[in-house]
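Okay, thanks everyone, I'll keep this short. Have a look at the sequence and the structure on the screen while I talk.

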Amino acid sequence: MQAREWAREHMNGVANVTIPTMTSDFQRINTKAVKHDVETAIGHGFVGTLACSEHAITLAQYAEFTRAMVEQAAGRIMVIHHAVFNSLEENIQAVKLAEEAGADLVLLGYPPFFHPQSLEDIYTYTKAFCDATNLGVILFPVPAWGFSSLHPADIPLPLLRRLVDDCPNVVSIKAEGGMPYIMSAIEVHREFHKEVVISCPLEYEYVPLAQVIPIPFCGTNYSSYYGPWLPSVHKLIQAGKYDEATQAWYKVDPARKAFSGVPMAMSGLINRTIWKYQAWLQGYNGGPIPHPTPRLHARDMISLRRGLVAAGLTPTSDPDEAFFIGRNPQ
């Protein structure tokens with residue numbers, strides 16, 4: 001089956017993010033915790049999960065992390081490799097390890113010290129990466145890469161066109177270019193939705209936009225915070241039950257506002273500690289992340305927990321101190 005045909009068949013639903021957990025001595029990946037998170041994601045109805053790599057772990061640890069995810073997934077959920085290591089060479093090395101581990105797709109990011117001087121530099125990097133892997137690739141225009149000085153859409157449409165035409169393993173576009181505005185997302189959908197899968201990953205945009213334009217995939221994102229809520233809303237939208245989806249969207253507004261009120265991102269680096277705590281509130285493992293990592297403060301935990309309660313999405317009754325140990329300590 002061709003890559004784009006495979007993607008069209010499988011990328012229908014919501015994908016969350018799995019954040020690696022370390023053992024209590026921070027020496028190894030806690031595979032029991034990783035498998036717990038994958039199984040919880042399957043139980044919540046996600047169709048894919050990102051093997052998050054934005055952490056201070058080695059390539060060998062990342063490979064172990066991905067293997068544990070694939071083993072637990074057993075074909076029941078897509079495991080998506082996260083290509084944001086330090087250089088093109090390291091990213092090619094990492095994606096080959098992900099292929100060996102059995103990952104299904106790649107979400108392509110760009111290293112913090114990749115500083116392109118032209119759009120051609122972005123094309124060259126992206127083409128070289130795509131040529132080096134047999135996996136389907138999700139292109140990802142977003143302001144976090146720092147490309148906005150070259151074009152407001154971050155990766156403008158003509159460049160995306162070249163990449164879609166020249167790289168047959170480009171199967172999807174995660175459309176966040178030019179955030180917080182939606183012009184680029186609409187432009188990308190209009191140009192490419194018949195060729196590759198368009199993902200609108202932000203739930204507060206996906207739920208309204210998917211009611212007026214066909215959007216099969218919503219991911220990868222932070223929606224573990226809402227438990228099974230977003231996968232269930234995706235099903236309502238695909239069934240044309242827009243009124244129910246709209247009421248569900250309004251219902252989680254307190255949680256959405258709590259999320260927007262915590263320090264989620266700093267200069268392009270997402271606060272994965274907060275994401276891990278959010279998921280822990282819904283039954284995911286929690287537990288240690290290797291340093292350096294952002295810290296998690298009581299005021300943010302209180303706000304996030306209260307947001308879920310106000311939205312009617314029951315968080316765990318476990319005390320917050322249990323998050324720092326995790327549900328499957330090793």
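This is a predicted model: local features need pLDDT of at least 70, side-chain atom pairs count only at pLDDT 80 or more; totals for chains, interfaces and linings use all residues.

Let's start with α4 and α5. Helix α4 covers residues 88-101, and its axis comes within 10 Å of the α5 axis, with a crossing of roughly 25 degrees. An angle under 35 degrees counts as roughly parallel, so that's what we call α4 relative to α5. The crossing is right-handed. Who's touching whom? On the α4 side we have Leu88, Asn91, Ile92 and Val95, and on the α5 side Tyr125, Ala128 and Phe129. By class, that contact has 6 nonpolar residues, 1 polar and no charged.

Now stay on α5, residues 119-131, and look across to α6. Those two axes also come within 10 Å, and they cross at roughly 25 degrees. So α5 is roughly parallel to α6, and α5 passes α6 in a right-handed crossing. The residues that α5 brings to this one are Leu119, Glu120, Ile122, Tyr123, Thr126 and Lys127, while α6 answers with Leu159, Arg162, Leu163 and Asp166. Here the classes come out as 5 nonpolar, 1 polar and 4 charged.

Next up, α7, residues 183-192. Which of its residues are buried? Ser184, Ala185, Val188, His189 and Phe192. If you look down the axis of α7, they fall within an arc of 135 degrees, so they line one face of the helix.

You'll find Gly312 in the segment after α13, which itself spans 298-310. Is it buried, exposed or partly exposed? Its relative accessibility is 47%, so Gly312 counts as partly exposed. For a sense of distance, take Met22: from Gly312 it's 290 residues away in sequence and 32 Å away in space, C-alpha to C-alpha.

That's my tour, happy to take questions.

Terms used:
Residues are numbered from 1 along each chain as its sequence is written. Side-chain values use heavy atoms; hydrogens and water are left out. Buried means under 20% relative accessible area, exposed over 50%, partly exposed in between (1.4 Å probe, protein chains only). Helices (H or I, at least four residues) and strands (E, at least two) are DSSP runs, numbered from the N terminus. The arc is that of the directions from the helix axis to the C-beta atoms. Axes are lines fitted to C-alpha atoms, for helices over the stretch in contact, and angles run from 0 to 180 degrees between N-to-C directions. Angles under 35 degrees count as roughly parallel, over 145 as roughly antiparallel, 65 to 115 as roughly perpendicular and the rest as oblique. A crossing is left-handed if the near helix is turned anticlockwise from the far one by less than a right angle, and right-handed if clockwise. Contact means heavy atoms within 4.5 Å. Ala, Val, Leu, Ile, Met, Phe, Trp, Tyr, Cys and Pro count as nonpolar, Asp, Glu, Lys and Arg as charged, and the others, Gly among them, as polar.
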